[in-house]
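Look over the sequence and the model first.

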Amino acid sequence: MWRVGLVRVGELRYGSFMRMSGFQKVALAALVFVVMLIFVGAIVRVSGAGMGCPDWPKCYGQYIPPMSVEELDTSLLDIDKFKEKAEKHGRDPDAITEESIVAEFNAVHTWTEFINRLFSLPIGIFTMLTFIMSLWWLKKRPAVTIGAFLAVLLVGINAWMGAKIVYSGLRPGTITTHMALAILLMCVQTFVVWAAAEKKWAIKYSSSGNTLRWVAVTAFLFILLEGVMGSQVREVTDALKKSHGNAPRIEWVAELEHTWMYLVHRSFSWVVLLSAIAFYVLSGQKREGGRGWHEHVILGIVLAQMVLGLVLSQVGILAVVQVLHIGLSSILACVFFHWLLGAFNREKTA
């Protein structure tokens with residue numbers, strides 16, 4: 001029975017994709033690459049490779065970074081910039097020499113960060129292409145063009161933020177802002193894909209459906225707030241990785257429990273879970289035809305996040321769990337925002 005249900009859902013989503021216009025598919029490609037970049041960016045953070053490319057836009061003075069320390073050409077390095085960065089990072093700039101840079105070179109970290117940067121290229125290409133194609137919608141649906149332009153603007157700001165993060169030496173606060181802008185970008189791109197449909201997808205609900213809608217809005221805001229706090233906690237774990245080196249990650253939890261942000265983030269997860277359950281139950285009662293795939297995915301991800309959070313607090317700050325925790329939160333926000341677009345669609349077209 002479950003197999004049949006999954007097959008039908010798969011056929012429905014595939015059919016929906018095939019019915020998309022070329023413009024929607026391009027806009028969707030931009031969105032998918034942003035999701036992928038968030039996962040890759042999470043790998044960069046948990047692996048400690050955030051400074052794998054200490055300069056920008058080049059990496060160790062080259063457009064294609066060296067594969068090994070033997071390939072590192074020190075004549076291409078801007079030592080003054082490295083010294084400025086070291087000073088911002090709390091290090092003695094006078095200790096930065098060509099020899100020290102060579103000694104600190106880590107090929108794995110360098111290429112992890114470089115791959116992260118490469119993922120930004122298709123995002124820029126597809127986002128710009130989406131905007132160019134959206135000009136056709138300017139008179140028919142100006143909101144599509146405005147959304148596409150806003151996406152270009154957000155991509156540009158995030159690219160600037162990426163450079164700012166590198167030059168600030170991973171300064172606290174900049175990473176959280178970077179993540180928040182990425183989530184905002186995903187929501188804008190989701191809107192563009194949705195708004196460009198010939199008949200915009202909408203949710204039909206009973207006359208008392210306003211309760212469902214506002215419970216959904218509340219749950220969505222709770223999820224965003226929890227995400228912001230989670231990003232703050234991850235900044236603390238970044239600092240712990242630097243200070244603890246190869247020490248067991250279970251030791252990190254003991255130190256995290258002395259920070260109010262971690263305690264609030266952990267406790268607030270129960271508020272998110274209860275609001276998601278309330279949303280799920282009301283959807284079954286108020287939505288015509290019962291729950292759709294959105295509701296199942298939303299509650300499923302929230303439950304998965306609770307399990308992952310339990311692993312992080314009881315087993316240790318495991319790298320793979322951190323990546324999943326960060327990546328799933330972005331998908332959750334995207335799916336939930338799409339549901340809200342359908343719920344507040346004034347056209348009420350199924």
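Predicted model: local features only at pLDDT ≥ 70, side-chain atom pairs only at ≥ 80, totals over all residues.

Residues are numbered from 1 along each chain as its sequence is written, and side-chain values use heavy atoms, with hydrogens and water left out.

**Annotated segments**
- An unreviewed UniProt entry lists "transmembrane region" for residues including 118–138, 143–163 and 296–317; such annotations may be inferred rather than shown by experiment.
- Residues 118–138 are 76% helix and 0% strand, with end C-alpha atoms 31 Å apart.
- Residues 296–317 are 86% helix and 0% strand, with end C-alpha atoms 28 Å apart.
- Helices here are DSSP runs (H or I, at least four residues), and strands are runs of E (at least two), numbered from the N terminus.

**Cavities**
- A cavity is a set of points on a 1 Å grid over the protein atoms alone, where a 1.4 Å probe fits but cannot get out; lining residues have an atom within 4 Å of a point.
- There are two cavities of 30 Å³ or more.
- The largest cavity has a volume of about 50 Å³, the space filled by probe spheres set on the points.
- Its lining includes Ala-27, Thr-127, Ala-148 and Gln-189.
- H6 gives the largest share of that lining, three residues.

**Salt bridge**
- The whole structure has two salt bridges (a side-chain nitrogen of Lys or Arg within 4 Å of a carboxyl oxygen of Asp or Glu).
- One joins Glu-113 and Arg-117, with the closest N and O atoms 3.3 Å apart.
- These residues are about one helical turn apart because they lie four residues apart in helix H5 (residues 107–118).

**Helix H7**
- Trp-160 sits in helix H7 (residues 142–167).

Notes: 1 Å grid on protein atoms, 1.4 Å probe; cavity = no way out; pocket = protein on both sides within 12 Å on 5 of 7 lines; lining within 4 Å.
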